Structure formats: structure tokens, C-alpha cells
Amino acid sequence: MGASPDRIESVCVFCGSSDAVEPSFLADAADFGRALAAANLRLVYGGGGVGLMGACARAAHEAGGDVLGIIPQFLTSRERALDVVETIVVRSMHERKQIMFERSDGFVVLPGGIGTLEEIIELLSWRRLDLHRKPVVFYSPDGFWDPLFQLLQHTVDARLTPPDFMDSWAVASRVADILPLINARLAAGDDDEAPLTATRIT
């Protein structure tokens, strides 16, 4: 479970489910969905049709991409599951995250709220425990995720987290740079001997 994937065939996207966001966030999510379709990469996502989730999935599907949604039964109405893409309905949030992890070769974190934070913190915790070496890339327009990175650095400074943990992800500030960063981390083996995470493409 700790090894890197041999190649990237599917990308899991964690992102917000709110429609009440800056229009640019929705546009960027749609752009990334189209980028995945153009690269013949499968989008794995939380199954909803709202917010950045819906924008990304809908754009990928409309561009001819392969899309897989995983959503708990209790969220199918609230997050309005897309019936035009393949969707797995599960019983719990835990099952949703486990399947998303298993079906994905890499992870992209777009702007999101508490749900996105919960997902990515668990993923990074698994990385800290050497349970996976799958590439992780944050899309951080205008420094959106900087407060999170500062908090994580704070735990390092307090000697509660090892310094090399900060090499667990890469950061892109342009949608066009997300997939190149994923591929760069994969090519480097995404390991502690070749840290790329401090590299911020601007």
C-alpha cells in the first residue's frame, strides 16, 4: 500500500460543494475537469452535482472524459448526485473515502471547506504513516491554502510533526500546472529523497 503507482490513470479531486463561491473557483474547477478529459485521465470525485464538485465533473463528462462519483446515500439529495456519470452509492462517509482512495492514482485538492479539509487531512495522515505514496497536489489560487500550510508548519516547528512531512505535497497556483506537477512527482518517485512539494508553480 505504501508504494507509488506505476502511472497515473485516475485522479481524485477533493473540493467544495458550495455554489455560493467566487465564480472563478467554479470556472477553475470546470477547467480542470476538461484538462483531465483531454489527458484521458479518469476523474474520481465525491459524486455531487453542486459547487466545485459538480462543475468539475460536469465539465469532464461534457468533454468526453471518464467520471466516477462516490456518494453516501444520505447525501444524494443534498449534493444532487449527477445521474449522467457512473456513480457508486455507499452507506457512509468512511466507505466513500476508502473507495475514492482505492480507485485513484493521485489526488488534487481544489478550494473547499470543512469537508475538503477533513478529506485531505486524513489523506496526509495516511501519507505520514507510510500507507501510500500517491502524488498530492494542492491548487491554491491567490494563496487559498496558505493558512493550512502555515498550520502544518506550526506543528513541525512545535516538533509534533517531522520536517519531511512538508514534502508530502506540491502546490500549483494555475490550473494548467496541476497535471504537470502530478506527473513530476510520480516521475521522481514521490519520495523523501526527491522532495518536490516546496515547489510552488506560479
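**Panel A. The loop of Arg174 and its polar contact.** In which loop is Arg174 found? Arg174 sits in the loop between β7 and α6; helices (DSSP runs of H or I, at least four residues) and strands (E, at least two) are numbered from the N terminus. This is a predicted model, in which local features need a pLDDT of at least 70 and side-chain atom pairs count only at pLDDT 80 or more, while totals for chains, interfaces and linings use all residues. Residues are numbered from 1 along each chain as its sequence is written, and side-chain values use heavy atoms, with hydrogens and water left out. Asp177 is buried at 8% relative accessibility, whereas Arg174 is partly exposed at 44%. Buried means under 20% relative accessible area, exposed over 50%, and partly exposed in between (1.4 Å probe, protein chains only). Between the C-alpha atoms of Arg174 and Thr155, which are 19 residues apart along the chain, the separation is 27 Å.

**Panel B. Confidence along the model.** The mean pLDDT of the protein is 90, and 91% of the residues score at least 70. Residues 191-202 have a pLDDT below 50, and this stretch has 30 contacts in the model beyond near neighbours in sequence. Here pLDDT is the predictor's confidence in each residue, from 0 to 100, and a contact means heavy atoms within 4.5 Å.

**Panel C. The largest nonpolar core and a second one.** The largest nonpolar core has 32 residues, and those with the most contacts inside it are Val11, Val13, Phe32, Leu43, Leu110 and Ile178. At least two residues of this core come from each of β1 (10-14), α1 (23-38), β2 (42-45), α2 (51-62), β6 (136-139), β7 and α6. The most is given by α2, with six residues. A second, separate core has 26 residues, including Phe101, Phe138, Leu148 and Val156. A nonpolar core is a set of buried Ala, Val, Leu, Ile, Met, Phe, Trp, Tyr and Cys residues joined through side-chain atoms within 4.5 Å. Leaving aside residues up to four places away in sequence, Leu43 touches Val11, Val13, Leu36, Cys56, Ala57, Ala60, Asp66, Val67 and Leu68.

**Panel D. Helix α3 and its packing.** Helix α3 spans residues 93-102, and its buried residues are Arg96, Lys97, Ile99, Met100 and Phe101. These buried residues pack against the strands β1, β2, β3 (67-72), β4 (86-90) and β5 (106-109), and against α4 (114-128).

**Panel E. The largest pocket.** About 250 Å³ of space lies in this pocket. Its lining has 19 residues, and the closest to its centre are Cys15, Ser17, Glu79, Gly115 and Thr116. Elements β1, α3 and α4 each supply at least two lining residues, and the largest share, five residues, comes from α4. On a 1 Å grid over the protein atoms alone, a pocket is an open set of points with protein on both sides within 12 Å along at least five of seven lines, a cavity is a set of points where a 1.4 Å probe fits but cannot get out, and lining residues have an atom within 4 Å of a point. Grid points are joined across faces, edges and corners, and a volume is the space filled by probe spheres set on the points.

**Panel F. The largest cavity.** A search of the whole structure finds one cavity of 30 Å³ or more. The largest cavity has a volume of about 70 Å³. Phe14, Lys97, Met100, Phe101, Glu119, Glu122, Leu123 and Trp126 line this cavity. Two or more lining residues come from each of α3 and α4, and α4 gives the largest share, four residues.

Panel G. Asp130 is partly exposed, with a relative accessible area of 46%, whereas Arg159 is exposed at 78%.

Terms used: Polar contact = N/O pair within 3.5 Å; in protein donor to acceptor, adjacent residues only side chain to side chain.
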